[in-house]
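Trainee: I have just opened this model and would like to go through it with you. Please show it first, and then I will ask my questions.

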Amino acid sequence: MAGEKGVKLLDFWASPFGQRVRIALAEKGVEYDYHEEELAAKSELLLKSNPVYKKIPVLIHDGRPVCESLIIIQYIDEVWPGKNTFVPSDPYSRAQARFWADYIEKKVYVTGSKLWKLKGEEQEECKKELVEIIKTLERELGSKKYFGGESFGLVDITLVPFASWFYVYEAFGGISVEREAPKLAAWAKGCKERESVAKTLPDPEKVYEHVISLRKRYGVE
(Lines give C-alpha, C1' and ligand atoms only; values in the text may rest on other atoms or scores of the structure.)
Protein backbone atom coordinates (compact mmCIF):
# COMPACT_ATOMS: atom_id res chain seq x y z
CA MET A 1 0.00 0.00 0.00
CA ALA A 2 1.06 3.56 -0.56
CA GLY A 3 1.81 5.32 2.71
CA GLU A 4 -0.47 8.07 4.01
CA LYS A 5 1.41 10.94 5.63
CA GLY A 6 4.38 8.73 6.39
CA VAL A 7 2.59 5.69 7.81
CA LYS A 8 4.73 2.54 7.92
CA LEU A 9 4.07 -0.81 9.58
CA LEU A 10 6.86 -3.16 10.66
CA ASP A 11 5.30 -6.59 10.91
CA PHE A 12 5.52 -10.35 10.30
CA TRP A 13 2.82 -12.15 8.32
CA ALA A 14 1.97 -14.80 10.94
CA SER A 15 1.86 -12.46 13.92
CA PRO A 16 -1.64 -12.13 15.38
CA PHE A 17 -0.42 -8.93 17.02
CA GLY A 18 0.53 -7.40 13.70
CA GLN A 19 -2.72 -8.63 12.17
CA ARG A 20 -4.61 -6.61 14.76
CA VAL A 21 -2.92 -3.47 13.54
CA ARG A 22 -3.55 -4.29 9.89
CA ILE A 23 -7.25 -4.87 10.61
CA ALA A 24 -7.46 -1.57 12.50
CA LEU A 25 -5.79 0.34 9.67
CA ALA A 26 -8.08 -1.31 7.12
CA GLU A 27 -11.17 -0.43 9.17
CA LYS A 28 -10.08 3.21 9.13
CA GLY A 29 -9.12 3.15 5.46
CA VAL A 30 -5.55 4.24 6.23
CA GLU A 31 -2.98 3.49 3.53
CA TYR A 32 0.49 2.61 4.68
CA ASP A 33 3.83 1.15 3.67
CA TYR A 34 4.24 -2.43 4.85
CA HIS A 35 7.64 -3.77 5.86
CA GLU A 36 7.88 -7.53 6.42
CA GLU A 37 10.42 -8.34 9.12
CA GLU A 38 12.67 -11.37 9.33
CA LEU A 39 12.38 -12.17 13.02
CA ALA A 40 15.63 -14.15 13.01
CA ALA A 41 17.44 -11.13 11.55
CA LYS A 42 15.60 -8.02 12.68
CA SER A 43 16.10 -4.86 10.68
CA GLU A 44 17.98 -1.86 11.99
CA LEU A 45 14.75 0.10 11.60
CA LEU A 46 12.92 -2.27 13.95
CA LEU A 47 15.71 -2.25 16.53
CA LYS A 48 15.83 1.54 16.38
CA SER A 49 12.04 1.94 16.47
CA ASN A 50 11.45 -0.46 19.37
CA PRO A 51 14.72 -0.51 21.33
CA VAL A 52 13.01 -1.69 24.53
CA TYR A 53 11.28 -4.90 23.35
CA LYS A 54 12.80 -5.20 19.85
CA LYS A 55 9.68 -6.82 18.47
CA ILE A 56 6.87 -6.27 16.00
CA PRO A 57 4.46 -4.73 15.34
CA VAL A 58 5.64 -1.15 15.20
CA LEU A 59 3.60 1.60 13.58
CA ILE A 60 5.70 4.53 12.42
CA HIS A 61 3.65 7.67 11.86
CA ASP A 62 5.42 10.78 10.62
CA GLY A 63 8.71 9.28 11.75
CA ARG A 64 7.52 8.55 15.28
CA PRO A 65 7.19 4.89 16.37
CA VAL A 66 4.26 3.49 18.34
CA CYS A 67 4.76 0.03 19.86
CA GLU A 68 2.58 -2.76 21.32
CA SER A 69 -0.51 -3.79 19.39
CA LEU A 70 -3.21 -2.74 21.88
CA ILE A 71 -1.62 0.68 22.24
CA ILE A 72 -1.30 0.98 18.46
CA ILE A 73 -4.99 0.11 17.93
CA GLN A 74 -6.07 2.84 20.32
CA TYR A 75 -3.62 5.29 18.77
CA ILE A 76 -5.11 4.58 15.33
CA ASP A 77 -8.60 5.07 16.76
CA GLU A 78 -7.67 8.52 18.09
CA VAL A 79 -5.61 9.74 15.13
CA TRP A 80 -8.13 8.60 12.51
CA PRO A 81 -11.50 8.81 14.31
CA GLY A 82 -13.64 8.46 11.15
CA LYS A 83 -16.93 6.59 11.33
CA ASN A 84 -15.60 3.37 12.88
CA THR A 85 -14.73 3.86 16.55
CA PHE A 86 -13.00 0.97 18.27
CA VAL A 87 -13.32 2.09 21.89
CA PRO A 88 -16.72 3.02 23.43
CA SER A 89 -17.28 6.63 24.48
CA ASP A 90 -18.98 5.59 27.73
CA PRO A 91 -16.32 5.34 30.48
CA TYR A 92 -17.64 2.06 31.94
CA SER A 93 -18.01 0.37 28.57
CA ARG A 94 -14.55 1.61 27.63
CA ALA A 95 -13.12 0.15 30.84
CA GLN A 96 -14.82 -3.18 30.15
CA ALA A 97 -13.49 -3.29 26.58
CA ARG A 98 -9.98 -2.63 27.83
CA PHE A 99 -10.34 -5.31 30.51
CA TRP A 100 -11.28 -7.99 27.97
CA ALA A 101 -8.62 -6.89 25.51
CA ASP A 102 -6.09 -7.22 28.33
CA TYR A 103 -7.49 -10.65 29.25
CA ILE A 104 -7.01 -11.84 25.66
CA GLU A 105 -3.54 -10.31 25.58
CA LYS A 106 -2.43 -12.16 28.71
CA LYS A 107 -4.18 -15.49 28.15
CA VAL A 108 -4.81 -16.59 24.58
CA TYR A 109 -1.42 -16.35 22.86
CA VAL A 110 0.63 -17.67 25.78
CA THR A 111 -1.65 -20.64 26.45
CA GLY A 112 -2.23 -21.40 22.78
CA SER A 113 1.52 -21.40 22.13
CA LYS A 114 2.21 -23.75 25.03
CA LEU A 115 -0.33 -26.16 23.57
CA TRP A 116 1.83 -27.01 20.56
CA LYS A 117 5.10 -26.84 22.49
CA LEU A 118 4.23 -29.26 25.30
CA LYS A 119 3.56 -32.98 25.54
CA GLY A 120 2.02 -35.40 28.02
CA GLU A 121 0.55 -34.20 31.31
CA GLU A 122 1.79 -30.65 30.81
CA GLN A 123 -0.09 -30.43 27.54
CA GLU A 124 -3.22 -31.89 29.14
CA GLU A 125 -3.17 -29.15 31.76
CA CYS A 126 -2.63 -26.57 29.05
CA LYS A 127 -5.61 -27.95 27.09
CA LYS A 128 -7.87 -27.54 30.12
CA GLU A 129 -6.66 -23.99 30.60
CA LEU A 130 -7.22 -23.03 26.96
CA VAL A 131 -10.72 -24.55 26.90
CA GLU A 132 -11.63 -22.52 30.00
CA ILE A 133 -10.28 -19.34 28.38
CA ILE A 134 -12.34 -20.01 25.26
CA LYS A 135 -15.48 -20.69 27.31
CA THR A 136 -14.89 -17.54 29.40
CA LEU A 137 -14.71 -15.45 26.23
CA GLU A 138 -17.86 -17.09 24.88
CA ARG A 139 -19.73 -16.24 28.08
CA GLU A 140 -18.67 -12.61 27.72
CA LEU A 141 -19.75 -12.57 24.08
CA GLY A 142 -23.14 -14.08 24.90
CA SER A 143 -25.65 -13.63 22.13
CA LYS A 144 -24.11 -10.39 20.85
CA LYS A 145 -22.93 -9.99 17.26
CA TYR A 146 -19.64 -8.50 18.43
CA PHE A 147 -18.15 -8.11 21.88
CA GLY A 148 -19.26 -4.48 21.78
CA GLY A 149 -22.78 -5.34 20.66
CA GLU A 150 -23.44 -4.20 17.11
CA SER A 151 -20.09 -2.42 16.88
CA PHE A 152 -16.89 -4.16 15.75
CA GLY A 153 -14.32 -2.80 18.15
CA LEU A 154 -11.27 -3.20 20.34
CA VAL A 155 -12.05 -6.64 21.79
CA ASP A 156 -12.98 -8.11 18.41
CA ILE A 157 -9.83 -6.75 16.78
CA THR A 158 -7.74 -8.09 19.66
CA LEU A 159 -9.15 -11.62 19.47
CA VAL A 160 -10.06 -12.31 15.84
CA PRO A 161 -6.50 -12.96 14.54
CA PHE A 162 -6.47 -16.09 16.70
CA ALA A 163 -9.29 -17.51 14.57
CA SER A 164 -6.56 -18.53 12.12
CA TRP A 165 -5.01 -20.57 14.94
CA PHE A 166 -8.16 -22.56 15.78
CA TYR A 167 -7.00 -25.23 13.32
CA VAL A 168 -3.65 -25.43 15.15
CA TYR A 169 -5.44 -25.87 18.49
CA GLU A 170 -7.38 -28.79 17.07
CA ALA A 171 -4.45 -30.35 15.21
CA PHE A 172 -2.06 -30.36 18.16
CA GLY A 173 -4.39 -30.31 21.14
CA GLY A 174 -7.61 -31.87 19.94
CA ILE A 175 -9.50 -28.72 20.91
CA SER A 176 -12.43 -27.92 18.63
CA VAL A 177 -13.53 -24.34 19.21
CA GLU A 178 -16.72 -25.07 17.29
CA ARG A 179 -17.56 -27.86 19.72
CA GLU A 180 -16.38 -26.18 22.93
CA ALA A 181 -17.66 -22.67 22.15
CA PRO A 182 -20.06 -22.66 19.17
CA LYS A 183 -21.09 -19.04 19.67
CA LEU A 184 -17.46 -17.95 19.63
CA ALA A 185 -16.87 -19.98 16.46
CA ALA A 186 -19.89 -18.31 14.86
CA TRP A 187 -18.58 -14.90 15.94
CA ALA A 188 -15.27 -15.67 14.22
CA LYS A 189 -17.05 -16.61 10.99
CA GLY A 190 -19.05 -13.40 11.17
CA CYS A 191 -15.91 -11.33 11.65
CA LYS A 192 -14.34 -12.96 8.60
CA GLU A 193 -17.15 -11.51 6.50
CA ARG A 194 -15.68 -8.07 7.14
CA GLU A 195 -13.31 -7.02 4.37
CA SER A 196 -10.71 -5.79 6.87
CA VAL A 197 -10.54 -9.23 8.48
CA ALA A 198 -10.91 -11.34 5.34
CA LYS A 199 -7.97 -9.68 3.60
CA THR A 200 -5.75 -9.79 6.70
CA LEU A 201 -6.07 -13.23 8.26
CA PRO A 202 -3.84 -15.93 6.76
CA ASP A 203 -5.13 -19.33 5.71
CA PRO A 204 -5.27 -21.64 8.78
CA GLU A 205 -3.32 -24.32 6.92
CA LYS A 206 -0.53 -21.84 6.23
CA VAL A 207 -0.43 -21.06 9.96
CA TYR A 208 -0.35 -24.81 10.66
CA GLU A 209 2.67 -25.22 8.37
CA HIS A 210 4.34 -22.31 10.14
CA VAL A 211 3.79 -24.02 13.49
CA ILE A 212 5.25 -27.25 12.11
CA SER A 213 8.44 -25.35 11.30
CA LEU A 214 8.45 -23.75 14.76
CA ARG A 215 8.06 -27.16 16.43
CA LYS A 216 11.10 -28.38 14.54
CA ARG A 217 13.04 -25.27 15.53
CA TYR A 218 12.13 -25.75 19.20
CA GLY A 219 12.85 -29.48 19.05
CA VAL A 220 9.28 -30.49 19.81
CA GLU A 221 9.01 -32.89 16.87
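Trainee: Which residues does the UniProt annotation "domain: GST C-terminal" cover?

Mentor: A word on the basis: this is a predicted model, in which local features need pLDDT of at least 70 and side-chain atom pairs count only at pLDDT 80 or more, while totals for chains, interfaces and linings use all residues. Residues are numbered from 1 along each chain as its sequence is written, and side-chain values use heavy atoms, with hydrogens and water left out. UniProt positions are given here in that numbering, with shortened feature names, and annotations may be inferred rather than shown by experiment. According to the unreviewed entry, the annotation covers residues 90-220.

Trainee: How far apart are the end C-alpha atoms of residues 90-220?

Mentor: Helices (H or I, at least four residues) and strands (E, at least two) are DSSP runs, numbered from the N terminus. By that count the span is 73% helix and 0% strand. Its end C-alpha atoms are separated by 47 Å.

Trainee: What distance separates the centres of domain 1 and domain 2?

Mentor: Domain bounds come from an automatic or database domain assignment, which here gives domain 1 (7-79) and domain 2 (91-218). Across the boundary, 15 residues of domain 1 are in contact (heavy atoms within 4.5 Å) with 24 residues of domain 2. Taken over C-alpha atoms, the centres are separated by 21 Å.

Trainee: Which residues does L137 contact, leaving aside neighbours within four places in sequence?

Mentor: L137 belongs to the group with the most contacts inside the largest core. Its partners are W100, Y103, I104, V108, F147, L159 and L184.

Trainee: What is the strand order in the sheet?

Mentor: Two strands pair if DSSP finds at least two bridges between them. Four strands form an open sheet with mixed pairing, and its edge strands, strand 2 (33-36) and strand 4, each pair on one side only. The order is 2-1-3-4.

Trainee: Which residue of strand 3 is the bridge partner of K8?

Mentor: Strand 1 (residues 7-11) and strand 3 pair in the antiparallel sense over four bridges. Within strand 3, the partner of K8 is I60.

Trainee: Which residue in the hairpin of strand 3 and strand 4 takes a positive phi near 55 degrees?

Mentor: These strands pair in the antiparallel sense over four bridges, with P65 of strand 4 as the bridge partner of I60. The hairpin has two residues between the strands. The residue with the positive phi, although not a glycine, is D62.

Trainee: Where is the cis peptide bond, with omega near 0 degrees?

Mentor: Look at the loop between helix 2 (44-49) and strand 3 (58-61), where P57 is placed. K54 lies in that loop too, with a positive phi near 55 degrees. The cis bond runs from I56 to P57.

Trainee: Is R22 buried or exposed?

Mentor: R22 is placed in helix 1. Neighbours within four places aside, its contacts include L9, D11, Y34 and T200. Its relative accessible area is 12%, so R22 counts as buried.

Trainee: How far is the C-alpha atom of W165 from that of Y208?

Mentor: W165 sits in the loop between helix 6 and helix 7 (166-173) and is buried, at 8% relative accessibility. Not counting residues up to four places away in sequence, W165 touches A14, P16, W116, V207 and V211. Y208 is 43 residues away along the chain, yet the two C-alpha atoms are separated by 7.6 Å.

Notes:
Core = buried A, V, L, I, M, F, W, Y, C linked by side-chain atoms within 4.5 Å. Buried < 20%, exposed > 50% of the residue type's maximum accessible area, 1.4 Å probe, protein only.
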